[in-house]
Amino acid sequence: MKDSIWAYLIIMFGIIAIVFIFFMQRVTTADQHNYTLLRETTQAAMYDAIDKDYLEENGTVKIDKDKFMEIFLRRFAENASLSRAYQIDIYDINEEPPKVSIKVSSTEKGSSDVLEFDLVNKVDAILEAK
């Protein structure tokens, strides 16, 4: 009888460990996806928002704020995971020299409300061009 209780205990511990590992792997994957999506979307939106007329006239790079925000939100929405709710905070957009500061927040929940992680990714990007 004593040996069978230990066997049940070890099996239960193994199941709990597998569930915990699965959840942590899902959180890590979600965090990496959010960061890569934020970084790549910011870079592409900055290149697309370059004011080409201003560049030809003055020879310096300048981005358009409204165009950047529109392109960034469209690209982010196209590639974001539909199973999460995101909060996008754009803190700073400088047109010349081109610089943006963006924070994206989302929440990853387990099967219950006991396991819940807030995933926050921040990017400060400066566009360098010759």
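Select Thr42 and show what surrounds it: Thr42 touches Phe68, Phe72, Val100, Ile102 and Ala125, not counting residues up to four places away in sequence. Contact here means heavy atoms within 4.5 Å. Thr42 is found in helix H1; helices (H or I, at least four residues) and strands (E, at least two) are DSSP runs, numbered from the N terminus. Thr42 is buried, with a relative accessible area of 1%. Buried means under 20% relative accessible area, exposed over 50%, and partly exposed in between, with a 1.4 Å probe and protein chains only.

A note before going on. This is a predicted model, in which local features need pLDDT of at least 70 and side-chain atom pairs count only at pLDDT 80 or more, while totals for chains, interfaces and linings use all residues. Residues are numbered from 1 along each chain as its sequence is written, and side-chain values use heavy atoms, with hydrogens and water left out.

**Along H1**

Move to Leu38, which lies in helix H1 (residues 2–48). Leu38 is buried, with a relative accessible area of 0%. Beyond its neighbours within four places in sequence, Leu38 is in contact with Phe72, Phe76, Ile102, Val104, Asn121, Lys122 and Val123.

Now select the whole of H1. H1 has 47 residues and reaches 69 Å from its first C-alpha to its last, close to the 69 Å expected at 1.5 Å a residue; the expected span is 1.5 Å times one less than the number of residues. Colour the buried residues of H1, among them Phe23, Val27, Ala30, Asn34 and Leu37.

Select residues 65–79, which form helix H3. At 1.5 Å a residue, the 15 residues of H3 should span 21 Å, and its end C-alpha atoms are 21 Å apart, which agrees. In H3, Phe68, Ile71, Phe72 and Phe76 are buried. Looking down the axis of H3, its buried residues fall within an arc of 125 degrees, so they line one face of the helix. The arc is that of the directions from the helix axis to the C-beta atoms.

Turn the view to the other side of H3, where Asp66, Glu70, Ala77 and Glu78 are exposed. Pick Ala77, which has a relative accessible area of 54%. The C-alpha atoms of Ala77 and Ile126, 49 residues apart along the chain, are separated by 22 Å.

**Where H1 meets H3**

Show both helices together. The axes of H1 and H3 come within 9 Å and cross at roughly 145 degrees. Axes are lines fitted to C-alpha atoms, for helices over the stretch in contact, and angles run from 0 to 180 degrees between N-to-C directions. Residues making the contact include His33, Leu37, Leu38, Thr41 and Thr42 of H1, with Lys67, Phe68, Ile71 and Phe72 among those of H3.

**The nonpolar core**

Which residues have the most contacts inside the largest nonpolar core? Select Ile63, Phe68, Phe72, Val100 and Ile102; the core has 20 residues. The elements that give two or more residues to this core are H1, H3, strand S2 (99–109) and strand S3 (116–126). A nonpolar core is a set of buried Ala, Val, Leu, Ile, Met, Phe, Trp, Tyr and Cys residues joined through side-chain atoms within 4.5 Å.

Stay on Ile63. Apart from neighbours within four places in sequence, Ile63 is in contact with residues including Met46, Ala49, Ile93, Val100 and Leu127.

Step to Asp64, found in the loop between helix H2 (52–58) and H3. Asp64 counts as partly exposed, at 33% relative accessibility. Asp64 touches Ala49 and Glu95, not counting residues up to four places away in sequence. From Asp64 to Glu96, 32 residues apart along the chain, the C-alpha separation is 9.3 Å.

Next select Glu96 and Pro97: the peptide bond between them is cis, with omega near -5 degrees. Pro97 is found in the loop between strand S1 (86–94) and S2.

Finish at Ile88, found in strand S1. Buried or partly exposed? Ile88 counts as partly exposed, at 27% relative accessibility. Leaving aside neighbours within four places in sequence, Ile88 is in contact with Phe72, Leu73, Phe76, Ile102, Lys103 and Val104. C-alpha to C-alpha, Ile88 and Leu73 are 8.8 Å apart in space and 15 residues apart in sequence.
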